[in-house]
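Subject: Structure handover

Hi,

Here is the structure for you to look through. My notes on what turned up follow below.

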Amino acid sequence: MEFLLDTIDLACIEKYAKALPVAGVTSNPSIVKKQGKIDFFNHMKQIRQIIGPSATLHIQLVGQTVSEMLDDAQTIFEQVGPETYVKVPTTLTGLEVIKKLKQAGHNVTATAIYTKLQGLLAISAGADYIAPYYNRMQNMGISAPEVIKEFADAIKSNDAQTEILAASFHNVDQITTALANGAQAVTVDPSLIATGLNHPAIQQAVNDFTNDWEGIFGTGQTITSLLK
Ligand SMILES: O=C[C@H](O)COP(=O)(O)O
């Protein structure tokens with residue numbers, strides 16, 4: 001099970017990578033837009049510095065044609081690192097790019113997946129990750145849990161190496177449901193993780209334990225301070 005951060009906010013990545021078992025960072029042009037006109041390659045290299053060499057970094061191609069996309073991929077490999085996962089929209093053009101990138105041995109994440117057909121074609125093309133857009137599918141009346149389950153079954157029955165990296169989450173239940181239905185990885189805006197951990201019952205339980213402890217041993221006393 002992998003948790004990735006769906007943001008390129010450096011301070012935010014630093015904060016959450018310190019606390020959580022962050023398996024990687026994902027971005028797309030809309031996520032980049034939130035940060036304004038950044039020094040793109042330098043920014044991505046800073047993310048790599050923060051998350052370390054073993055986490056995965058997923059950067060989306062923006063070229064429109066096969067040749068533009070392959071050029072984009074090459075530029076990303078040269079500027080950010082050959083281990084980068086290039087995110088390719090799962091269109092007919094994108095599938096041709098995925099096929100070529102996989103033939104050349106590169107890491108690929110097939111993205112913008114709304115339908116079963118897109119995901120199955122990307123699995124068959126050998127994509128390392130496929131990124132179904134959970135909330136966007138739900139908005140269109142497509143059952144994201146059902147689609148994810150079908151992808152998980154197809155991966156298993158075909159002995160494929162692809163992992164499901166579910167994306168586009170707008171509430172906590174969507175994250176856990178994606179994982180329960182067979183997604184191996186989820187990419188999440190950190191604010192949603194904060195929401196999930198900020199449940200009042202959680203803080204209430206912590207406060208109750210503190211009060212009970214301090215009722216016996218005194219305010220501010222810790223287990224370690226019992227030795228002093
Ligand atoms: O990379 C894909 C994003 O997770 C899509 O999320 P969104 O539906 O909130 O734009």
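Start with the lining of the largest pocket: its residues divide into six nonpolar, six polar and five charged. Bear in mind that this is a predicted model.

**The largest pocket**

The space in this pocket comes to about 380 Å³. It has 17 lining residues, and D6, K34, S168, F169 and H170 are the closest to the centre. Helix 2 (29-34), strand 8 (185-188) and helix 10 each give at least two residues to the lining. Helix 2 supplies the largest share, three residues.

K34 sits in helix 2. Is K34 buried or exposed? Its relative accessibility is 65%, so K34 counts as exposed. For a sense of distance, take K34 and A178. They are 144 residues apart in sequence. Their C-alpha atoms are 26 Å apart in space.

S168 is in a loop, between strand 7 (163-166) and helix 9 (172-180). S168 counts as buried because its relative accessibility is 12%, and the cut-off for buried is under 20%. Its side chain reaches the backbone nitrogen of R136 at 3.4 Å. Leaving aside residues up to four places away in sequence, S168 touches Y133, Y134, N135, R136 and Q174.

Helix 4 has the largest share, with three residues. By type, the lining divides into eight nonpolar, four polar and one charged.

**Helix 1**

Helix 1 covers residues 10-19, and its buried residues are L10, C12, I13 and Y16. Why do they line one face of the helix? Looking down the axis of helix 1, the buried residues fall within an arc of 155°, so they line one face. On the other side, A11, K15, K18 and A19 are exposed.

What do the buried residues of helix 1 pack against? Their partners are strand 1 (2-5), strand 2 (22-26), helix 3 (40-51) and helix 10 (190-197).

A side-chain oxygen of D9 comes to within 3.1 Å of the backbone nitrogen of A11.

**The whole chain**

The chain has eleven helices and eight strands. Of its 228 residues, 44% count as buried. The C-alpha atoms fill a box of roughly 70 × 40 × 30 Å along the principal axes. Among contacts with a separation of 6 or more, 54% are between residues 24 or more positions apart.

Best wishes

Key. Residues numbered from 1 in each chain as written. Predicted model: local features only at pLDDT ≥ 70, side-chain atom pairs only at ≥ 80, totals over all residues. Heavy atoms only, no water. Buried < 20%, exposed > 50% of the residue type's maximum accessible area, 1.4 Å probe, protein only. Helix = DSSP H or I, 4+ residues; strand = E, 2+ residues; numbered from the N terminus. Arc of directions from axis to C-beta. Contact = heavy atoms within 4.5 Å. Polar contact = N/O pair within 3.5 Å; in protein donor to acceptor, adjacent residues only side chain to side chain. 1 Å grid on protein atoms, 1.4 Å probe; cavity = no way out; pocket = protein on both sides within 12 Å on 5 of 7 lines; lining within 4 Å. Points joined across faces, edges and corners; volume = space filled by probe spheres on them. Nonpolar A, V, L, I, M, F, W, Y, C, P; charged D, E, K, R; others polar.
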